[in-house]
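I opened this model to look up its domains, strands and a few single residues, and I kept notes as I went.

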Amino acid sequence: MSMLLAAHNDPHKGDEMHLNRRQFFKVASAGLTGSSLVAMGFSPTAALAETRQFKLARTTETRNTCPYCSVACGVILYSLGDNAKNAKSRIIHIEGDPDNPVNRGSLCPKGAGLLDMVYSPKRLKHPEVREPGSKEWKRISWDEAFTRIARHLKDDRDANFQATNSKGEIVNRWLSTGLLASSATNNEGGYLTHKVFRNLGILNVDTQARI
Amino acid sequence: MALDITRRSATTTPSPQARDSVEVAKLIDTTRCIGCKACQVACMEWNDIRDEVGSVNGTYNNPTDLTSSSWTVMRFFEKEDPNDRFNFEWLIRKDGCMHCADPGCLKACPSPGAIVQYSNGIVDFNQENCIGCGYCVTGCPFNVPRISKSDSKAYKCTLCSDRVAVGLEPACVKTCPTGAIMFGTKEQMTAQAETRVTELQGRGHGKAGAYDPAGVGGTHVMYVLKDASQPVLMGLPNDPQISPTVSLWKGVAKPVAMAGMALAAIGGLFHYVMKGPNEVSKEVEAEVEKELEAEK
């Protein structure tokens with residue numbers, strides 16, 4: 001830097017760099033003094049207690065359940081801001097919930113990487129339907145999805161529900177429809193899923209949550 | 001938990017020493033590790049680093065080495081017995097910074113304050129002050145620091161100094177599903193290691209032991225090894241030492257050089273005071289100018 005400045009002050013600007021004897025000594029002694037001061041401990045930079053500040057200090061914490069597998073580990077979502085009206089929140093970090101008796105704060109590699117699932121461009125965020133014979137997935141509203149599913153369930157149950165078997169024994173079963181339930185539920189959610197669909201007579205229920 | 005900096009690279013002014021704070025340590029029990037790599041993921045997530053997606057090289061090592069964005073990696077070792085093909089062992093070790101009590105990286109670092117050691121034992125790199133010379137890589141007995149290709153600065157595990165400073169455990173420790181990584185005071189972790197070693201020896205692993213090498217003053221990341229007589233089986237040096245070049249250069253050569261510099265400065269001053277500046281007499285000057293004109 002000093003060399004460059006010296007060159008800049010030189011009247012022969014634009015030529016190759018000229019340093020006269022005096023300038024050379026100035027530059028050399030300034031350089032030596034600077035590096036000696038640093039070497040002797042007079043460093044201009046301040047020492048920080050931690051080189052990186054704790055990033056969760058005032059984030060909002062939200063409890064949730066890891067959606068990956070049947071273990072259903074508890075997680076805490078840390079989001080920016082305090083939910084104030086004019087602030088947009090955004091999840092910036094996810095880690096295990098130490099108060100959850102299932103995992104007590106630990107997470108497997110999939111759970112530990114949940115943040116990247118939240119922001120994955122491939123993540124499904126709304127209901128879609130692929131009509132029979134079609135190759136395309138079409139986005140539909142939640143209302144439409146619920147209505148269509150309810151209609152299909154009712155029609156199929158009305159057509160195929162068996163109250164008794166061939167021997168006349170009461171079986172109350174509905175075998176033509178199965179359910180793949182969400183694994184992102186806790187124990188209570190799993191219990192309700194089980195209750196609703198077993199009551200309808202469905203026997204083919206599966207989920208990673210092993211209801 | 002305010003932390004003092006007890007050591008600072010390339011700095012001769014003494015650091016604060018009066019306050020006593022608790023030394024912390026991480027204990028990695030390799031006998032309980034299943035190699036799931038949750039620690040790798042949690043580390044990247046917490047520290048906001050994402051490594052490039054690599055390729056599989058035929059082993060479970062992925063990434064195959066520490067990088068400036070992978071501060072911890074699982075290393076897998078296959079131990080074969082030439083005489084007994086059923087005597088096969090698959091060893092797994094979480095690799096990363098050992099946070100030596102006597103850190104070779106800090107000793108080798110020429111940039112003031114780029115490497116610091118806190119009073120709790122954590123050795124941390126301050127990239128703000130890093131000049132990217134790579135001396136820490138040479139100075140490290142465990143080959144841990146890596147220079148980033150994007151900013152040419154050195155990076156490594158911080159033992160989550162930002163978490164530990166507010167009373168939390170490091171991210172890898174929290175996530176570990178088998179409890180193979182533990183965190184506490186150095187004293188607690190040493191005791192924990194002893195308990196586990198006794199347990200393993202009782203189960204027929206006579207060579208089980210703790211790895212807390214004295215050659216670097218002990219470490220703040222310790223291991224429980226199934227065969228502590230040969231740490232090298234899991235890629236750990238049997239007796240790590242700071243390279244003699246670093247010790248010589250920073251231990252003996254540096255003060256000598258400093259004394260030389262001081263002598264030169266004082267000598268210059270004396271010369272100036274006693275002899276004065278070297279001035280050219282007017283006669284000589286006139287003579288030279290005549291010569292120059294004659295040349296033209």
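How far apart do the C-alpha centres of domain 2 of chain A and domain 4 of chain A lie? I read off 30 Å for these two centres.

**Ground rules.** I noted that this is a predicted model, in which local features need pLDDT of at least 70, side-chain atom pairs count only at pLDDT 80 or more, and totals for chains, interfaces and linings use all residues. Residues are numbered from 1 along each chain as its sequence is written, while chains are lettered from A and ligands numbered from 1 in the order in which they are written.

**Domains.** I listed the parts of chain A as domain 1 (2-39), domain 2 (60-118), domain 3 (124-159) and domain 4 (161-211), with bounds that come from an automatic or database domain assignment. Chain B is assigned domain 1 (5-242) and domain 2 (248-295), and the C-alpha centres of these two are 51 Å apart.

**Confidence.** I then checked pLDDT, the predictor's confidence in each residue, from 0 to 100. Chain B has a mean of 92, with 99% of its residues at 70 or more, and chain A has a mean of 83, with 78% of its residues scoring at least 70. Over residues 1-15 of chain A the pLDDT stays under 50, and the model has 11 contacts for this stretch beyond four places in sequence; a contact here is a pair of residues whose C-beta atoms, placed from the backbone, lie within 7 Å. Where pLDDT is low, the predicted coordinates should not be read in detail. For the complex, the predictor gives an ipTM of 0.82 and a pTM of 0.78.

**Chain A overall.** I counted six helices and eight strands in chain A, where helices (H or I, at least four residues) and strands (E, at least two) are DSSP runs numbered from the N terminus. Their order from the N terminus is α-α-β-β-β-α-α-β-β-α-β-β-α-β. Of the contacts in chain A between residues at least 6 apart in sequence, 41% join residues at least 24 apart. Buried residues are 12% of the 211 in this chain; a residue is buried if 20 or more other C-beta atoms lie within 10 Å of its own, exposed if 12 or fewer, and partly exposed in between, with C-beta atoms placed from the backbone.

**The sheet β6-β7-β8 of chain A.** I found these three strands, in this order, in an open sheet with mixed pairing. β6 (162-164) and β8 (202-206) of chain A are at the edges with a single partner strand each, so one side of each has no neighbour in the sheet. From one strand to the next the twist averages 25 degrees. Q162(A) is opposite R173(A) in β7(A). α6(A) packs on the sheet, where it touches β7 and β8 of chain A, and its direction makes about 150 degrees with that of β8(A); axes are lines fitted to C-alpha atoms, for helices over the stretch in contact, and angles run from 0 to 180 degrees between N-to-C directions.

**Helix α6 of chain A.** I compared the span of this helix (residues 187-200) with expectation: at 1.5 Å a residue its 14 residues should span 20 Å, and its end C-alpha atoms are 20 Å apart, which agrees. The expected span is 1.5 Å times one less than the number of residues. Just after α6(A), G201(A) has a positive phi of about 105 degrees.

**Strands β1, β2 and β3 of chain A.** Strand β1 (residues 60-65) and strand β2 (residues 74-79) of chain A pair antiparallel over six bridges, with R63(A) having I76(A) as its bridge partner in β2(A). β2(A) and strand β3 (residues 91-96) of chain A run antiparallel and are joined by five bridges; L77(A) is opposite I94(A) in β3(A).

Notes. Contact = placed C-beta atoms within 7 Å. Pairing = 2+ DSSP bridges.
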